[in-house]
Amino acid sequence: MRTNQQTTLKGPVTLNGVGVHSGNPAEITLRPAPANHGIAFLRTGMPSGNDRLIKAHHACVSATELCTVIGDVDSGAVATIEHLMSALFGLGVDNALVEIDGPEMPILDGSALPFVTAIDQVGLTGCGAPRRWIKVLRPVRIENGKAFAELRPIDRGFRLDVEIDFENPVIGRSRKAMDLSPAAYRREIAGARTFGMMKDVQRYWKAGFALGASLENTVAVGDTDVVNPEGLRFPDEFVRHKILDAVGDLALAGLPLQGAYRSYCGGHRMNVGVLHALFADRANYAIIEAVGTRRETALAEFGVGLGFAAFAGEL
């Protein structure tokens with residue numbers, strides 16, 4: 001597949017599971033989409049009977065507590081989109097329509113690997129249009145206490161450098177840096193599972209979270225060890241999953257990023273927040289397009305040609 005051409009799926013593929021927070025069953029179908037469509041979620045099964053199309057864009061994010069949510073509860077929302085978005089970004093999928101019949105994505109095994117397997121099952125195809133990127137031109141940074149997230153310019157590609165620092169000794173402090181490519185994503189990131197600490201379970205349940213969590217879809221961390229009998233998939237699975245989440249949240253830029261991302265003790269809120277900081281000033285970024293080789297385009301503003309008249313619309 002030529003990297004300078006937009007891609008989509010060769011055909012539809014369906015997955016089923018339960019939402020990690022709601023515990024409710026959900027079915028999704030990933031469908032091909034035309035050039036310049038981007039990624040969008042079609043929320044079906046609404047009480048009103050009206051389907052809702054929600055663009056996968058940072059401006060559509062309505063919540064970031066323990067997961068990333070786009071849309072709104074009253075007119076239609078989809079929660080826990082980050083693992084699928086991570087798989088799409090990681091594999092270089094530019095255009096897709098995600099049909100979902102409920103308010104939360106299925107968690108599957110807690111990683112992005114089932115999504116990667118499903119996408120690989122049908123394969124990718126070119127859309128016959130040049131790929132576009134968002135090129136970071138100036139550093140942007142947000143902070144919250146000791147935590148921070150920042151984007152910086154680099155000459156090519158997308159690089160992540162993520163560090164976590166937990167008081168729990170099982171997780172502890174860990175840092176991983178990598179250049180993102182489909183091969184590296186499959187090998188190093190896709191299989192890293194979400195995790196949670198056993199001491200927080202009761203609090204999450206009372207708040208309406210983690211109702212569908214189990215040892216089949218979450219790495220459960222005790223005071224001195226991992227509870228899951230199979231242990232970890234990687235010695236540093238925790239930080240790898242944080243990278244997985246960051247890739248998914250940063251995919252909400254709307255186009256692939258060319259830049260370097262660095263975070264310390266970050267999470268969904270800060271991943272999305274750094275995108276808001278990037279797009280707060282038009283001088284922070286440029287949209288570049290591949291025509292044989294990459295070149296700067298004369299696009300007047302972010303969003304031109306994405307195929308959406310607004311951030312979200314009702315069908």
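Modeller: H241 is placed in helix α5; helices (H or I, at least four residues) and strands (E, at least two) are DSSP runs, numbered from the N terminus. This is a predicted model, in which local features need pLDDT of at least 70, side-chain atom pairs count only at pLDDT 80 or more, and totals for chains, interfaces and linings use all residues. Residues are numbered from 1 along each chain as its sequence is written, and side-chain values use heavy atoms, with hydrogens and water left out.

Colleague: Is H241 buried or exposed?

Modeller: H241 counts as buried because its relative accessible area is 2%. Buried means under 20% relative accessible area, exposed over 50%, and partly exposed in between (1.4 Å probe, protein chains only).

Colleague: And what does H241 touch?

Modeller: Not counting residues up to four places away in sequence, H241 touches H83, G110, A192, R193, T194 and F195. Contact here means heavy atoms within 4.5 Å.

Colleague: Which residues does the UniProt "binding site" annotation cover?

Modeller: In the unreviewed UniProt entry, that annotation covers H83, H241 and D245. They are spread over 163 residues of sequence, yet they cluster in space, with a largest C-alpha distance of 9.5 Å. H83, H241 and D245 also belong to the lining of the largest pocket. On a 1 Å grid over the protein atoms alone, a pocket is an open set of points with protein on both sides within 12 Å along at least five of seven lines, where a cavity is a set of points where a 1.4 Å probe fits but cannot get out; lining residues have an atom within 4 Å of a point. UniProt positions are given in the numbering used here, feature names are shortened, and annotations may be inferred rather than shown by experiment.

Colleague: Where is H83, then?

Modeller: H83 is in helix α1, residues 82-91, and is buried at a relative accessible area of 4%. Leaving aside neighbours within four places in sequence, its contacts include I107, F115, T194, H241 and D245.

Colleague: Which residue carries the "active site" annotation?

Modeller: The unreviewed UniProt entry gives H268. H268 lies in helix α6, residues 268-279, and counts as buried at 10% relative accessibility. Beyond its neighbours within four places in sequence, H268 is in contact with T64, L66, C67, T68, E82, D245 and D249.

Colleague: A change of topic: how many salt bridges are found in the whole structure?

Modeller: The search finds 21, a salt bridge being a side-chain nitrogen of Lys or Arg within 4 Å of a carboxyl oxygen of Asp or Glu. R262 forms one with D161, the closest N and O atoms being 3.9 Å apart. R262 lies in strand β18 (residues 257-264) and D161 in strand β14 (residues 158-165), so this pair ties together parts that are 101 residues apart in sequence. Both R262 and D161 are buried.

Colleague: Which residues are linked with them in a network of salt bridges?

Modeller: The network links D161, E163, D165, R173, R175 and R262.

Colleague: What about helix α5, where E237 lies?

Modeller: E237 forms a salt bridge with R193, with the closest N and O atoms 2.8 Å apart. R193 is in the loop between α3 (182-189) and β16 (195-197), so the pair ties together parts that are 44 residues apart in sequence. E237 and R193 are both buried.
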